Amino acid sequence: MKNALSGYLTEREEPAWTRWLLLLFVPLAGLYWVAAWGHSNTFNTTHEASRKNDQNVYIKLAQDLKHLDYKVRTPRQRTPGYSHLLSVFYSDKLDPTPELDGDEHYSMRWFHRCRALGIWISIACLIGLYFFFRRFLPRVESAFLVSAIACLLYVFRSGYTQPEVLYWSLKLPLFYLMWRMLVKPTWLLAMTCGLLSATAFMVKAGIQPMLLLFVVSFGFIVAWVWLRERGSFRPYLLRARQGSLGARLDLAVLSPYFLYSFKQFGKPFYSVYCE
């Protein structure tokens, strides 16, 4: 059974009992929440802990975005996607209280809500990854793969106000879809890769090396196949147009961000780390 995104689905018969695996999701999600929240409560509950690993930056930026009606100038040390997502859940009731929060610029209640949001986001990501894996893996293998990601990685990172869990959850399917683009590109794959890469970039800019590797690999494959077969250039031109669609869509989605950087800093791809 062919599929436009993954190229194929498993064709072997799956045991009927595997259909009941989804019923285990609710109790397993509950256990995952207890483990993730317990780990966060052990290591990440104080103001000092919130300052580690840039958590305070995302927390404060999300608060400022909501207070200033999203007109605050976001710094270029980090992309603002994760803070924008957190800001949706901010409330004025969570404003800092001097007698409780001292001279901190955000309240502990907002910090604790951000920790809880990180766990809820990770659960949503795990659900999305399961259904993504189901496009090319059987139910049992998909469930085991998601369980491994949850128990060995996400449970320890989701209780921190950092974008890594969301970023990894976008990067993993993007890597697979880019590989499919190298093997058999389609217009739908190109559009999906472009939108997913733009979203991943806004969450964390570390996606850039993978995008560069994909562009170089795609160009090399098109040129190598054409030189080997010496046939009509039209099929390879079509492949090149399909590949470039993803890059053009990525730049189109990110163009407001790059234009803002150009207006503020004089460079569309400005980064403080390049100064």
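Which residues of H3 are buried? Begin the tour by selecting helix H3, residues 55–67, where Gln55, Tyr58, Ile59, Leu61, Ala62, Gln63, Asp64 and Leu65 are the buried residues; buried means under 20% relative accessible area, exposed means over 50%, and partly exposed lies in between (1.4 Å probe, protein chains only). What you have open is a predicted model, in which local features need pLDDT of at least 70 and side-chain atom pairs count only at pLDDT 80 or more, while totals for chains, interfaces and linings use all residues. Residues are numbered from 1 along each chain as its sequence is written, and side-chain values use heavy atoms, with hydrogens and water left out.

Helices here are DSSP runs (H or I, at least four residues), numbered from the N terminus. The 13 residues of H3 should span 18 Å at 1.5 Å a residue, and its end C-alpha atoms, 19 Å apart, agree with this; the expected span is 1.5 Å times one less than the number of residues.

Next, select Asp69 and Tyr70. Asp69 lies in the loop between H3 and H4, and Tyr70 is found in the loop between H3 and H4 as well. Most residues other than glycine have a negative phi. Asp69, however, takes a positive phi of about 55° although it is not a glycine, and Tyr70 has a positive phi of about 65°. Asp69 counts as exposed because its relative accessibility is 52%, whereas Tyr70, at 36%, is partly exposed.

Now move to Glu164, which lies in helix H8 (residues 164–183). Glu164 counts as buried because its relative accessibility is 15%, and, leaving aside its neighbours within four places in sequence, Glu164 is in contact with Arg157 and Lys204, where contact means heavy atoms within 4.5 Å.

From there, select helix H9 (residues 187–203), whose 17 residues should span 24 Å at 1.5 Å a residue and whose end C-alpha atoms are 25 Å apart, which agrees. Among the buried residues of H9 are Leu189, Cys193, Leu196, Phe201 and Val203.

Finally, select the cysteines Cys114 and Cys125: Cys114 is buried, with a relative accessible area of 0%, and Cys125 is buried too, with a relative accessible area of 11%. The structure holds zero disulfides, a disulfide being a pair of cysteine sulfur atoms within 2.5 Å.

Methods: Helices (H or I, at least four residues) and strands (E, at least two) are DSSP runs, numbered from the N terminus.
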